[in-house]
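Please take a moment to look over the sequence and the model together before reading on. The paragraphs below go through a few places in turn.

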Amino acid sequence: MNVDDLAGQHGRTDSIPSRLVDSLIEHGCLDLLMETARARLDWSCARAAAQSLCAQGTFEKAWTVVEPFAAAGWQPAVRAGADVLLRWGRTSQALQLARPAAGDTAAHDAWRDYAEVLVEAGMVDEAIDALARRPRDERTLWTLVTVTEGRGRDERVLELLTPIAEAFRRDPQQPEVRHLGDALSAHARVLERAGRVDEAIRLRATDAAANRGWSAEHDYATLLARHGRIAELRELATGPARSTVVRPFVEALEALGRSAEAEAHLRSLIDTDEYPTGYESELLELLIRQGRFDDAVQAVEHTFDDLYDGNLLQPALILLAEQGQHDRALKLTEGRSPEFLAENDAFWLRSNRWWLMGESGRCREAIAEIDALPPDEVDDRELTIAWLLAQDGQVDEAIARVRPLSGTRAATELAGLLVRQGRFAEAIAVIPDAAAQREEQRCFWMRWEERDKAAADGDGRSVDARVCSLDDDRGAVRDMRPGKGGGQERTDGPWPCCRRPSGQNGMSTPQK
C-alpha cells in the first residue's frame, strides 16, 4: 500500500464506486466490505466499514480496518484513523497519529486535521495555538474559524483575525495581506457568532461599498438575510448589485412568508432588465418551491425554443422531476420547434425524455423509441435500454444487456443490478481491479488528447462532442443551470453531455 495508490482512489478512480459501497452498507454487507478492504486495499470499503463499526460501538475492529491505510501516511486515512481512536477513548494515540510528521513543512490539510482532532479532544486552545503559528493564508484562517465554532473562544479568535482584517481594509495591496481576500468574510463570521451582529453588518456594508475582498456584496447580502434586515437588503437588491444579491433577497422574503413580494420583485426585474435569464431562473425555482407548477412553466415557457443560453427548458424538466412531476415535465419535451430539435434533440433532449418516460412508467415506449433509431445514433444504447428494463422490473433482462459490455462504468451498472438480486459478492467481483481501472483511465486521456489535437488540426471534429470524464461515468454530473455556477458537481439530475443520476435500482439513468 502506498500514498499514490490511495490518492488515486480518493479521486474516485481505482476503487469500488462509493454508490455501490453505500448500497452494500444498506444491505448489511459489512463483512464483505471488510474483506474487500483487506483483499483489494480499497479505501472506500475500508472507510464505510469503519464508520459502520463505530456506529455499532466496535471500535477495536474499526481500528483494525483503517490502521493499515493510516500507517501509509495518507492524510484522509490518518484523519479517519484518528477519529476512530478518539471515539474509542484513545486520545493520546489519536493525537500522536494526527500530529503532522513533517512539522511546519507539512501540508495545510495535515494541520487542519490535527487542529480538528485537538478540538475534538477538548484541547481548543492548543488547536488555536497550532494554527496561529502557521503561515497566514485563507485556508488557515477558515480552519481557525470553523474548528472553534461553538467552542467559546470567539474573542480569542477575533484577537487573531481583527489585525489582519484591519490591515486589509487599510491597504489590500500590502504584501502581507493581499493574498487574504477572504479575511474580511472570516472576520465578519466570527463577529456575527460572537453576538456582535451590528458591528459585522456595519463593516461588511463598508466592504461592499468599496468592493473589498472576495464576494463582498454577496456576503453582505447573506449576512443581512440571516438576520432579517429586509430594508437594507432591499436597498441592495434594487441597486447596481441586484443580480448578485437577488437570491438572498428572495429567500429572505420567502422565509418570512412574503413569497408574493419576492415574486413581484422578480417579475419587475424580468420586465426591466435587458438580460433577464437569471431572474427568470430564480422565478422558476421560487414557483416550483411553492408547488405552483403550471405558473412556473408559464413564466418561462417562452424560452423553451431559444437556441442560446436563455433557454430554461432543461432546468424546468429537472426541477419538475425533483418534485415528482415527471409526466408534467415529459409534456414539455413535446412540440418543440424544428430548429430547436435540430440543435438539441440528439445532444440531450431525447435522453432526458427517455429518462422521464422511465420514471413515468413508460419504459417500454421509451425502448421502442430507441429501437427505432440507428444503433450508432444513440450513445450508451445498451446501458440506456438496460436502465429502462430495470425500471420496468425486468432485472434479468437488464443484466443480460449489460454483462457483455466492457469498462468500469458498465461494470458499475452491472454491480448495481446484481445488488438488487442479493448477489453481493458477485457485485464486488465484477468491478475491475485498480490496475485495470488505471489503464482504462490512461487510455481515455490518450483518446481525449488525440481529439484535442485533431480538432486543433482542423479535421472538423468538434471538441464539444468529446465524451465526459471517467469520473462523470461513475455517477457525477455537472450543474449547468443558469445561476448555479456551471461546473459544480452534482449527483441529482441529468444534464447535457453528462451521465445521469443514480436510480433507486443502483444504476445510472441513461445518457442520450
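Is the crossing of α12 and α13 left-handed or right-handed? In this predicted model, helix α12 and helix α13 make a left-handed crossing. On the α12 side, the contact is formed by L184, S185, H187, A188, L191 and E192, and these residues face V197, E199, A200, L203, R204 and D207 of α13. Sorted by kind, the residues of this contact comprise six that are nonpolar, two that are polar and four that are charged. The axes of α12, which covers residues 183-193, and α13, which covers residues 197-210, come within 8 Å and cross at roughly 160°. Because angles over 145 degrees count as roughly antiparallel, the two helices α12 and α13 are roughly antiparallel to each other.

Helix α15 (residues 230-237) packs against helix α16 (residues 242-255) at an angle of about 145°, and their axes are 8 Å apart. The crossing in which α15 passes α16 is left-handed. Here I230, L233, R234, L236 and A237 of α15 meet R242, V245, P248, F249, A252 and L253 of α16, and the residues of this contact divide into nine nonpolar and two charged, with no polar ones.

Because its relative accessibility is 5%, T36 counts as buried. Apart from neighbours within four places in sequence, T36 is in contact with I16, L41, D42, C45 and I428.

Finally, the confidence of the prediction deserves attention. The chain averages a pLDDT of 87, and 86% of the residues score at least 70, whereas over residues 459-512 the pLDDT stays under 50.

Technical notes: Residues numbered from 1 in each chain as written. Predicted model: local features only at pLDDT ≥ 70, side-chain atom pairs only at ≥ 80, totals over all residues. Heavy atoms only, no water. Axes fitted to C-alpha atoms, helices over the stretch in contact; angles between N-to-C directions. Helix = DSSP H or I, 4+ residues; strand = E, 2+ residues; numbered from the N terminus. Left-handed = near helix turned anticlockwise from the far one by under 90°. Contact = heavy atoms within 4.5 Å. Nonpolar A, V, L, I, M, F, W, Y, C, P; charged D, E, K, R; others polar. pLDDT = per-residue confidence, 0-100. Buried < 20%, exposed > 50% of the residue type's maximum accessible area, 1.4 Å probe, protein only. Parallel < 35°, antiparallel > 145°, perpendicular 65-115°, else oblique.
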